[in-house]
Amino acid sequence: RRIDRRNADIVGQARPARATPEQYALFRRYVGVRHADGGMADMSMVDYQMMIEDSHVDTRLVEYRLVADADGLGAGELVACCLTDRLGDGLSMVYSFYHPSLEARSPGSFMILDHLAQTQSLALPHLYLGYWVEGSRKMTYKARFQPQERLGPTGWTLAPAPR
C-alpha cells in the first residue's frame, strides 16, 4: 500500500513495442546511474531499438508517466518503462527501467505491483519477474514477492521466503 500511495501520481499504459527517442533518453539516464559499468552502458539507439522491437511473441512496452509535477519532473513526463511479453499463462517482465530520481519511490516494486494487477485483470495465472541473480543487491526487491518459483538447472522450484 505504501508503494502504491507513493506512486499514485504515476499511470502506466501499454503500447506497441516501438522504440522512441524519449524512451531511449530515459534508458540511457537509468543505465548511466544504475549500471554504468555493465554490458548495456554502451548501447546505441539501434541496440535499444533491437531490444525493444525484435520479438517473436506478443510484446508491449508499458510506459509510466507522471500525471502532475513531482520530484522536479513535469506532468506527462515519461518516468519508467517495462518491456513486457504476453504469454499464454501470464505476463513476463523482460526489462524495466526508470528515472533515477524516483528511486526512493521503489519504482521496480511499483511496476511489479502494476503488472500483478494487469495479470489478474487478464485472468492469467502467472507473473514472471524476469531474471534474478542471487546475491545481486540491485535485484533483492524481487525476492520479496511471494509465493515465488525459480527456474534453475533442475526445473522450477518453490523459493524460500526472504528473512
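Modeller: A polar contact is a pair of N or O atoms within 3.5 Å, and within protein one must be able to donate a hydrogen and the other to accept it. Keep in mind that this is a predicted model.

Colleague: With which side chain does the side chain of His 99 make a polar contact?

Modeller: His 99 sits in the loop between β4 (90-98) and α4. A polar contact needs a pair of N or O atoms within 3.5 Å. At 2.8 Å, the partner of the His 99 side chain is the side chain of Ser 101.

Colleague: Is His 99 buried or exposed?

Modeller: Leaving aside neighbours within four places in sequence, His 99 is in contact with Leu 26, Arg 29, Leu 73 and Val 79. Buried means under 20% relative accessible area. His 99 has 9% relative accessibility, so the residue counts as buried.

Colleague: How many aromatic pairs are there?

Modeller: Rings of Phe, Tyr and Trp pair if their centres lie within 6.5 Å. By this rule, the number of aromatic pairs is eleven.

Colleague: Of what kind is the pair of Tyr 64 and Phe 110?

Modeller: Planes over 60 degrees apart count as edge-to-face. The ring centres of Tyr 64 and Phe 110 are 5.8 Å apart and the planes stand at 65°, so the pair is edge-to-face.

Colleague: How many residues apart are Tyr 64 and Phe 110?

Modeller: Tyr 64 and Phe 110 are both buried. Tyr 64 belongs to strand β2 (residues 58-66) and Phe 110 to helix α4 (residues 107-121), so the pair links distant parts of the chain, and the separation is 46 residues.

Colleague: Which element supplies the largest share of the lining of the largest cavity?

Modeller: The structure holds one cavity of 30 Å³ or more, and the largest cavity has a volume of about 40 Å³. Among its lining residues are Asn 7, Tyr 98 and Phe 110. The lining divides into eight nonpolar residues, one polar and no charged. β3 (78-87) and α4 each supply at least two lining residues, and the largest share, three residues, comes from α4.

Key
Residues numbered from 1 in each chain as written. Predicted model: local features only at pLDDT ≥ 70, side-chain atom pairs only at ≥ 80, totals over all residues. Heavy atoms only, no water. Phe/Tyr/Trp six-rings, centres within 6.5 Å; stacked < 30°, edge-to-face > 60°. Helix = DSSP H or I, 4+ residues; strand = E, 2+ residues; numbered from the N terminus. Buried < 20%, exposed > 50% of the residue type's maximum accessible area, 1.4 Å probe, protein only. 1 Å grid on protein atoms, 1.4 Å probe; cavity = no way out; pocket = protein on both sides within 12 Å on 5 of 7 lines; lining within 4 Å. Points joined across faces, edges and corners; volume = space filled by probe spheres on them. Nonpolar A, V, L, I, M, F, W, Y, C, P; charged D, E, K, R; others polar. Contact = heavy atoms within 4.5 Å.
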